[in-house]
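Subject: Structure for you to look over

Hello,

Here is the structure I said I would pass on. My notes on it follow below.

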Amino acid sequence: MMSLLLPLAVLCPLAASIIVFLSAGRLSARAVGGVACGGVGLAALSAIMLATGLLAGPPGGVVHAQLWEWVRVSGFSADIVFTLDRISMVMILVVTVVGLLIHVYAARYMADDPGIARFFGCMTLFVAAMLVLVLASDLLCLFIGWEGVGLCSYLLIGFWHDDPANTAAARKAFFMTRIGDTALLCGLLLLATQAGSLRIEPILAATMAGLVPSFTLIAAASFVLVGALAKSAQIPFQTWLPDAMAGPTPTSALIHAATMVTAGIYLIARLHVLFAAAPVVMAVMAVTGALTLLVAACTALVQSDLKRILAWSTISQLGYMFLALGCGAWQAALFHLMTHACFKALLFLAAGAIIMRLGHEQDIFRMGGLRRTMPGLGVAFVAGASALAGLPVVTAGFYSKEMILAGVWGSRFMTPLSAHVLWATGLLGAFLTALYIFRCVFIVFAGEGKGAVSGGTPRLMAVPLACLTFLALFGGIIEMPDVIAPVHLFTALLSPSGHPSPMHEPGWTVLAGAIVPLAGLAVAWVLWGRTPAVMREMPQQAAIIRLARPGHGMDVLYDHIFVQPLRLLVWLTRRDVPDRLVAQAGWLTRSASIALAKTRKDILDTVARRTAIMTAEGSLLLGWMQNGRVRWYAGWVAGGLCVALAVVMLS
Amino acid sequence: MNPLPALVLLPIAGGGVAWLAGRSRMAAALRVHDAPWRIALMTLVLETLVLLVATLRHPAHAEPWMAHFSMPWVPTMGIAVRLDMDGLSLALIWLSLILCLACLFLATRQVMANGGVFHFLLLATLAGVIGTFLATDLFLFFFFWELMLVPMFVLIAVWGHEDRQRAALKFFLFTQGGGLLMLLSILGLVMMHYRADGVLTFDYFALAATPLSPTVSMLLMLGFFAAFAVKLPVVPVHVWLPDAHTQAPTAASVLLAGILLKTGGYGMIRFNVMLFPDAAARFAPLAMGLGVAGILYGAWLSCSQDDVKRLIAYGSISHMGFVLLGIFSSSPMGMEGAIVQMLAHGLSTGALFLVAGSIEERMHTRDMRRIGGLWAAMPRLSSAGVFFAVASLGMPGLGNFAGEFLVLLATWHVSPPVAVLASVGLVLSAIYALRLVNSIFLAPQGGSLQPMADFPARQMMALGCIMAFLVVLGLYPQPFMTFSAPSSPFPTTAAGREGHAS
């Protein structure tokens, strides 16, 4: 029964996608939305049933669904096989439940778009691919989902394809993730060569038993890490995610905040045994995560586009998760992934509703005073912002961030000092997070109103917002620091077999983690909250802001270092060299043979003409000789005789 | 009754009838303007039935060679009409038929000028291809090899586009040049066998057992390789392909890309690797280098093309590089990957050419900058185009990825750096495929957009079948691989079984 539900969960959204695609143009917008929500809803239902079933079962139990053999050749085999364990259970719940809420929201949000069938086709296909990614217990099967979500992301970013900027952003996203995917593929090839199969369990078992040479391990882990970094938009691949905001807002919420971009985190958490055996890679991961966290938070601080602020914030939060993974606290990373999916989806959806009611205005400096005109959305957005900032006790983000900070503090790699440095970085990141998100909140909701506000928020959009608000506020109480209350449901869930290693951390670190967001909030209030605001930053105010605003630093750099030279090179070499050579050779042969033919013709012509002339002249001569005078003839005879005699005598 | 000769003769006979039906007096008498098309369709349906019989007669792999046919032709020279079918030839014949049917449904009905001759030539090419896939007498093989060349030459030269004469000539000269080298090799091999055994024969199985010195076998293998390399094509001799594909009429482009290129891959498996295993193993490093060069060079040039058909053509050079890489990776895995790649490439690129041909027919241009976005006007055509473009960029879950993955894995066993280089081709393929998508399908609408007819449902069904094949090939390649395993010329030895290891 359970193993039947597992493929069913994937099949429902897939079927919905196929129905929606095939019936494009024939179904009404409502029907399309209904089918899509139904498909994802069924998936969510089966996910919940699977989760209850799994939790009721023995600890450490898994649900297995072996579907079919992908290939079986000598030296390699791969299967399409799904496994539900505790890690993937958390993920499918996030994907389907948050996915369902976003689908419901989108059914209303996109109702007036003529391309709604294409939109929902891609969205449901995305959910199906994401579920394949999450449930696969064979890395090859996982890779199918991995690229599938990339494709859907491409199609959805470029959804409004009438603007070339959108399709360019879509291509950029696909290319950058494709580079990572290729690295991941190389990692898979390496593992497959070593193990002869890509089943996760045997590979991890072999790693734990120390059967894999350490160089191979490090190489494989690095390849996988590059793939994960590209998918999760970490340095040096971060530039694609802000541009990806060109897609419809529900897409940004589902793909570019809640699920797809966290695939990298999930993959590494899944393979944490492999990474634990490659400490160098872990260190690189932690440092990359910390760096991304700070850089992205600083960039978010100077953005003026509401969606871009959220995009940079996503990158920064993913940096948090990579920091946790690099420190070995993969449970904390997964916990943060879960809470982040809720509050970031909430922020995006609320932002989408705000933008829609303001007539597609995305610049926060043209907004203001919205707390009076849309109080409901204000509450939702502030709830999301508090969770993102991690305001203590009342938000989910606080608990997951605490767990990460505790994990980083207690991690033992290289020297304890560097762990504490990373912890301080995380704390600084928390401060910046609170600062930039409340800057946004104060600019958008405080102050006097600007611009016209139309309509109200439709109920179909309000309900998902309410649900997500609830989750963003109270989703975190399942795991708490020991100082507050010894609740460790999430850790117990992930490692049920006992010894839930409580992070031993001094009480003052928890306190620091609680105070820092409040400090950020206070500073933001001082700078932007009061009227008149201290910071009257406007677009294009300072050179530093101008440089950082579109995140252009890296973008321009990449453009100059990679994109432009590559384009030039492609343009320069657009001619097919062998083709040219052959064409030239053909041309040469042709001209040579023409020249030859011409010369030959000329010679023959000359000879022929000469012959004709000589013949004519000869005949004239002969004709002149035959003049009919006997004396001449006699003279000729005598002359001839003399010559003949002379010849005879002389010879 | 043995179905093998029927498989070869049926298209020729049907083509002849179509030619007759297409003559003006006959057409007037029949009062059907597309009589040749109908006859060609019927021929293909019949052919499919015959092939179905041939497939079902040997459901289980009782023995590697599924059917034999033999009849003396020139006994004094040891030449016979000898046809044999194994899984590889069967799979490739299926591919040919599917593509031919798709061509008929999508591309050839509109050919009005000399429709009879056109369909005759199309079916004659098909007969040549099928014969090539079946012949196990080297002389007969050479005969079919040349047979498929001539009608294709005429198709390009007469029904092609603006620069057709030059393209046709280039195609003919290159293929013919390679073919002559192969003829030399065939004769050389026969003479070596005659010298060793005293028997003059062109029989593939007998010749496979010829004892050869390393130098001689290398030389003979290179002769074969030259012909197949031109057909596949391998990079320095790919020159004919972009022109021929671009200038050919749609149906001929599909046949060229979908099937004719596969004869090159088929020949390499059947006559290079299996006939001269040692020489092929020694040649493998160079061949793999050529394969990687092809992957990167084709993809690179594809990125800079503005002509839709040229872009697809260079993309197929890149894909065939994977085939070469797989065949010479000297492992069953690579071979299987190459075969899957051939099938998937035939379907995806063939379908892309169909789509490109339909666009050209409607817009009268192949320049991507002038076509503009078609999604609003033709959603069906565009969605098909997007699907096949995505397939050709190697999306996991579709056929091309299955082939590429196996080839890369087999290559990784031989040399990881080569595999990494080859996988760079995947990034490049994303660039050209998405450039195609974002220039003509999902793009801002072009300036002068007159209302255009989208694909009707019937044509969409044909494309839908191809899509379904690609999805199945990508998600469940194992049955195809079991089905299409090539058989070795040494049926009794253990080495033969290894060729299609399970």
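Helices and strands here are DSSP runs numbered from the N terminus, a helix being H or I over at least four residues and a strand being E over at least two. With that numbering, A:Pro236 sits in the loop that links α8 (214-231) and α9 of chain A. The model is a predicted one.

Cis peptides

The bond between A:Ile235 and A:Pro236 is a cis peptide, with omega near 5°. Chain B has a cis bond too, joining B:Leu232 and B:Pro233, and omega there is about -5°. B:Pro233 belongs to the loop between α10 (214-231) and α11 (240-247) of chain B.

Positive phi

Two residues of chain B are worth a look for their backbone angles. B:Ser330 is not a glycine, yet its phi is positive, at about 45°. It is placed in the loop between α14 and α15 (332-363) of chain B. Is B:Ser330 buried, exposed or partly exposed? A residue counts as buried with 20 or more other C-beta atoms within 10 Å and as exposed with 12 or fewer. B:Ser330 has 17 of them within 10 Å, so it is partly exposed.

B:His364 also has a positive phi without being a glycine, with a value near 60°. B:His364 is found in the loop between α15 and α16 (368-371) of chain B. Because B:His364 has 8 C-beta neighbours inside 10 Å, it counts as exposed.

An enclosed helix in chain A

Helix α10 of chain A (residues 249-258) has 10 of its 10 residues buried, so the rest of the structure largely encloses it. Among the buried residues are A:Thr249, A:Pro250, A:Ser252, A:Leu254 and A:His256. The elements covering the buried residues of α10(A) include α3 (86-109), α4 (116-135), α5, α9 (240-243), α14 (306-326) and α15 (330-357) of chain A.

Helix packing

α3(A) also packs against helix α20 (residues 459-474) of chain A, at an angle of about 155° and with the axes 8 Å apart. This is why α3(A) is described as roughly antiparallel to α20(A). The crossing of α3(A) with α20(A) is left-handed. On the α3(A) side the contact uses A:Leu101, A:Ile102, A:Val104, A:Tyr105, A:Ala107, A:Arg108 and A:Tyr109, which meet A:Leu460, A:Met461, A:Val463, A:Pro464, A:Cys467 and A:Leu468 of α20(A). By class, that contact has 12 nonpolar residues, no polar ones and 1 charged.

α14(A) packs against helix α18 (residues 396-410) of chain A, where the axes come within 9 Å and cross at roughly 35°. The crossing of α14(A) with α18(A) is left-handed. α14(A) contributes A:Tyr320, A:Leu323 and A:Ala324, and α18(A) contributes A:Ile404, A:Gly407 and A:Val408. The residues in this contact of α14(A) with α18(A) are 5 nonpolar, 1 polar and no charged.

In chain B, helix α12 (residues 250-273) meets helix α14 (residues 308-327), with axes that come within 11 Å and cross at roughly 15°. α12(B) is therefore roughly parallel to α14(B). Their crossing is right-handed. From α12(B), the residues B:Ser253, B:Ala257, B:Leu261, B:Gly265, B:Met268, B:Ile269 and B:Val273 meet B:Lys309, B:Ser316, B:Met320, B:Val323 and B:Ile327 of α14(B). The contact of α12(B) with α14(B) divides into 8 nonpolar, 3 polar and 1 charged.

The contact between the chains

How many residues does the contact take from chain A and from chain B? It takes 40 residues from chain A and 40 residues from chain B. On chain A, at least two residues each come from β1 (63-73), β2 (76-84), α5 (139-157), α6 (164-195), α24 (552-572) and α25 (577-625). α6(A) gives the most to the side of chain A that touches chain B, with 13 residues. That side has 22 nonpolar, 9 polar and 9 charged residues.

Annotations

UniProt, in an unreviewed entry, gives residues 70-120 of chain A as "domain: NADH-Ubiquinone oxidoreductase (complex I) chain 5 N-terminal". That span is 57% helix and 25% strand, and its end C-alpha atoms lie 29 Å apart. For chain B, an unreviewed UniProt entry places "domain: NADH:quinone oxidoreductase/Mrp antiporter transmembrane" at residues 135-428. Residues 135-428 of chain B are 80% helix and 0% strand, with end C-alpha atoms 38 Å apart.

Regards

Notes. Residues are numbered from 1 along each chain as its sequence is written. Chains are lettered from A and ligands numbered from 1 in the order in which they are written. This is a predicted model: local features need pLDDT of at least 70, side-chain atom pairs count only at pLDDT 80 or more; totals for chains, interfaces and linings use all residues. Two residues are in contact if their C-beta atoms, placed from the backbone, lie within 7 Å. Ala, Val, Leu, Ile, Met, Phe, Trp, Tyr, Cys and Pro count as nonpolar, Asp, Glu, Lys and Arg as charged, and the others, Gly among them, as polar. UniProt positions are given in the numbering used here, feature names are shortened, and annotations may be inferred rather than shown by experiment. Axes are lines fitted to C-alpha atoms, for helices over the stretch in contact, and angles run from 0 to 180 degrees between N-to-C directions. Angles under 35 degrees count as roughly parallel, over 145 as roughly antiparallel, 65 to 115 as roughly perpendicular and the rest as oblique. A crossing is left-handed if the near helix is turned anticlockwise from the far one by less than a right angle, and right-handed if clockwise.
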